[in-house]
Amino acid sequence: MANNCKVIAPGKSVSSWQQFGLNLVSFYRGRDVVIAIDLTESVGLNEEGRLRLTQIIEDSLRSGDTVYLVPFASVVNPLNPDLNSLTRQQGIKFKGKPENVDQILSVLPFESNISLRNTDIQRAELFIYKGLAQLNQCRLRDNIALKHQSIVWVTDAPLLTKPGIDSDTWIETPAKSQFRLASSSVSKERQSWLQALPLQKREKTITTEENSTYQLSIVDIKPTVQEFCTPVPGGKETCLVNPYLVKRLSLPILIALVLLTLGGFWTRYLLSLRQKWKVKVTFESDDNQDPQTCFLKNKQKIAIGDNSLDAITCPDEELRGYLLRRGNKLYLKPTKIAPIFYRDRQISQETEMTRDRFTLNCPVDDQDFEISIKVSK
């Protein structure tokens with residue numbers, strides 16, 4: 001277990017929404033990958049087994065993963081019984097570099113050990129599942145990101161069996177192993193962890209040169225922790241998961257809300273650019289002149305005084321200027337061929353129209369000719 005981290009026990013399962021939050025916390029945070037290899041002679045990795053294991057290491061590991069090696073037989077870690085390899089300090093940090101691959105391959109025991117026999121598979125399962133749960137529980141305590149976890153099992157022993165493994169199920173379990181008894185404390189503890197962790201198993205059968213078989217199995221575990229809620233004075237209770245999720249997700253959620261809000265405004269802006277504006281023109285100085293209706297798209301313009309079909313009419317048909325749309329703003333652009341007035345001021349340069357209703361004056365022979373314009377966006 002990690003330093004200064006209390007030993008954990010199976011607790012209450014997290015809710016579906018809590019699991020969703022834990023998945024978010026662990027998103028792209030790397031994984032804990034355990035390579036658990038049965039060292040007994042009955043497995044004896046052949047060429048296919050070595051190839052597949054090498055393929056897993058070279059092709060499936062991602063930068064940010066942490067790799068743990070757990071060889072087992074009648075005991076866990078028979079190569080070094082005093083080593084607890086499921087600690088953050090003992091994991092091999094994978095950074096996606098060739099030297100990381102070589103480092104992992106160099107410590108893998110590709111050869112079986114003829115002196116080792118009687119695989120205590122349930123002991124190995126308890127050690128690994130409890131150790132992985134401990135890693136994530138320590139991350140919960142330290143308020144750091146959880147990780148997805150996977151175990152690569154290389155063994156001919158059956159996995160995930162019921163507690164109390166008899167000889168008909170697996171003959172190699174040592175005769176004195178407490179895991180042979182369903183009522184033993186270790187059997188009950190193992191079963192509790194199998195029920196507490198969300199395990200998903202896939203496997204591939206490999207045949208050796210002697211026509212015996214073993215399994216290369218992958219057991220995936222979603223990023224999860226054990227929830228413990230304890231009553232406290234005042235009629236309340238204190239729990240572990242919700243405060244953790246609040247600490248880990250408050251800033252990302254705030255950023256996401258800001259981005260969604262900005263995205264909503266941007267989407268609304270883009271949609272507004274695609275809408276055509278309706279420009280209704282009435283002629284205050286000429287009751288005989290029929291009203292006009294024009295439509296204005298983004299980056300389009302309407303002529304004022306031209307004799308073209310879509311132009312706004314003026315008596316002398318001189319091109320006075322344009323109503324020009326850029327984005328969601330409307331501009332009056334004079335041509336300076338003939339005068340055009342806005343708010344009793346002659347326009348000599350491009351001017352933004354800030355109102356949806358306004359009046360233009362296109363005088364002819366010192367006589368006013370007012371044009372009222374209404375823009376519907």
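## A short tour of the chain

Start by selecting Ile218, which sits in strand S6 (residues 213-221). Strands (E, at least two residues) and helices (H or I, at least four) are DSSP runs, numbered from the N terminus. This is a predicted model, where local features need pLDDT of at least 70, side-chain atom pairs count only at pLDDT 80 or more, and totals for chains, interfaces and linings use all residues. Residues are numbered from 1 along each chain as its sequence is written, and side-chain values use heavy atoms, with hydrogens and water left out.

Is Ile218 buried or exposed? Its relative accessibility is 16%, so Ile218 counts as buried. Buried means under 20% relative accessible area, exposed over 50%, and partly exposed in between (1.4 Å probe, protein chains only).

Next, select Val258 in helix H6 (residues 241-274). At 42% relative accessibility, Val258 counts as partly exposed.

For the next stop, pick Asp368, in the loop between strand S17 (357-361) and strand S18 (370-376).

Finally, zoom out to the whole chain. You can look for 6 helices and 18 strands. The radius of gyration, taken over C-alpha atoms, is 38 Å, well over the 21 Å that the globule rule gives for 377 residues, so the chain is more spread out than a compact globule. That rule is 2.2 Å times the number of residues to the power 0.38. Along its principal axes, the C-alpha trace spans about 120 × 60 × 35 Å. Buried residues make up 43% of the 377 residues.
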